[in-house]
Amino acid sequence: LPPVRHHLFALTVNQLNENWMIKLAQNELYLAALLQRHQQEIATAWAEKVQSLPGTLYNQLPLDEIRASTSRGAAAVVDTLSTGSRDAVDAFLADVSNVRLEMGFDISEVIEALLLFKEAAFPVIRQAYPAASDQADDAVLLLDTCLRSMIGRFGHLYAEAMRRDLQAQQERTALILDAAEAANSSLRLDLVLLRIVEKSTETFGLDCALYLWDAERQRLVPQIRSNHPTGEDPNSFCQIELSPASSGLLLQMVACQKPVDCYDLNVGLGQEMVHALGLCSALIVPIVEDGRVFVVVIGSSVGECPRFTDQDIELAEGMANAVGLAIKNARLYESTRQRVTELESLQRMTKALLQKLTLEQVLQVVCQEARQLTGATGCALYSLRYKSWLQLTHSGGTLAPHSTRMPLEGTLARQAELSGEPVLINHTYGLTRTSQPIPDLES
């Protein structure tokens, strides 16, 4: 074209483009205003269609929960059409991708639910525009364009959320394997338990303590405490025994054998628990091995300590399951070692008898071996005289009986004689003085 005609043609094309852009913007604003006026109507219809999707997890969700999500989605579409910004849609889609991913939804289910927005909005568009008009076609085209953009953006956000979730799972798995490796590095039960506490402290960066469930007394007995990585020193953390009877939270934990978290500010089952521990927040994790319950308490006395997340609880439970085998191996090792020690002790006592030692020497060997096997500080042997009296024949260690002769009736020795079985008493504070075979006996 000649220069003048070419210039006029370019102006005409630019003018047409400008007019088309103005018309498009006007259509978008009109459609946005229309959808905003009917926003709750569209959100409700959208939620009902989503809940009715056959064979999806949406069938299991309450309608109110789905409606809350579709209301946010409808508002985001209106905002995008009004302003041209994708911020509101991105925020909505990011929330949907994270929540639905955690709930186990398949991506195809979520995309199908998003596409149902058009079906929910179409009756409103059909009533607002003349039938088979260019305006109606333009409105549907705008809605299709918006939805295609949403689906593409959602696919990207969902893939990113899956990548982050996979990375988090890999990190949790590595921490669980690390804890299992640390716990299995020794066969001594005390070292295994110590390493469980150390690894929990390292993982969560908070104080950690380990308790042992005493089934006979129905109490949690403190065993090991971390070295305060946060510089805190709560007075009662891992220094007092805990009774599930006085804490509904502990009863819940012992019954379901699942981790529970509690906070100082929450009125309920956990408040008295954290008060008793001198903490502001705590995560209580049971480790169950052959019916024996160990309890790891992870906590902080800092008031601004963040709440434990679902991922924290999942990680703690995974670590507990992983180290359970290490505890089992350590207990089997200790049981075997104890059995070997018992056989060696019996061998020494048999040798003493075969050497024809004096009775006093034999009794001394028996007392010495009994103390070594049980870890007791003292031992005393009594003989039964005339079926009614106990006569001291030998004592060793720190035990110093006040009397060499005492009546049998009313003593623990009498219980042992009647039952024909040993009587074990670990805590004598509840016994009367006359019921003990030796006064001032601690255990």
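**View 1. The open sheet E6-E7-E8 of the predicted model.** Three strands form an open sheet in the order E6-E7-E8, with antiparallel pairing; strands are DSSP runs (E, at least two residues), as helices are (H or I, at least four), numbered from the N terminus, and two strands pair if DSSP finds at least two bridges between them. Strand E6 (378–385) and strand E8 (405–407) stand at the edges with a single partner strand each, so one side of each has no neighbour in the sheet. On average, neighbouring strands of this sheet are turned by 35° against each other, direction ignored, with axes as lines fitted to C-alpha atoms (for helices over the stretch in contact) and angles running from 0 to 180 degrees between N-to-C directions. E6 and strand E7 (residues 389–397) run antiparallel and are joined by eight bridges. Tyr382 stands opposite Leu392 in E7.

The model is predicted: local features need pLDDT of at least 70, side-chain atom pairs count only at pLDDT 80 or more, and totals for chains, interfaces and linings use all residues. Residues are numbered from 1 along each chain as its sequence is written, and side-chain values use heavy atoms, leaving out hydrogens and water.

View 2. E1 pairs with strand E2 (residues 219–225) in the antiparallel sense over six bridges, and Arg219 in E2 is the bridge partner of Asp214. Four residues lie between the strands of this hairpin, where Gln218 takes a positive phi near 55°.

**View 3. Thr70 in helix H3.** Thr70 lies in H3 (residues 63–83) and is buried, with a relative accessible area of 4%. Not counting residues up to four places away in sequence, Thr70 touches Ala43, Trp46 and Ala47, contact being heavy atoms within 4.5 Å.

Notes
Buried < 20%, exposed > 50% of the residue type's maximum accessible area, 1.4 Å probe, protein only.
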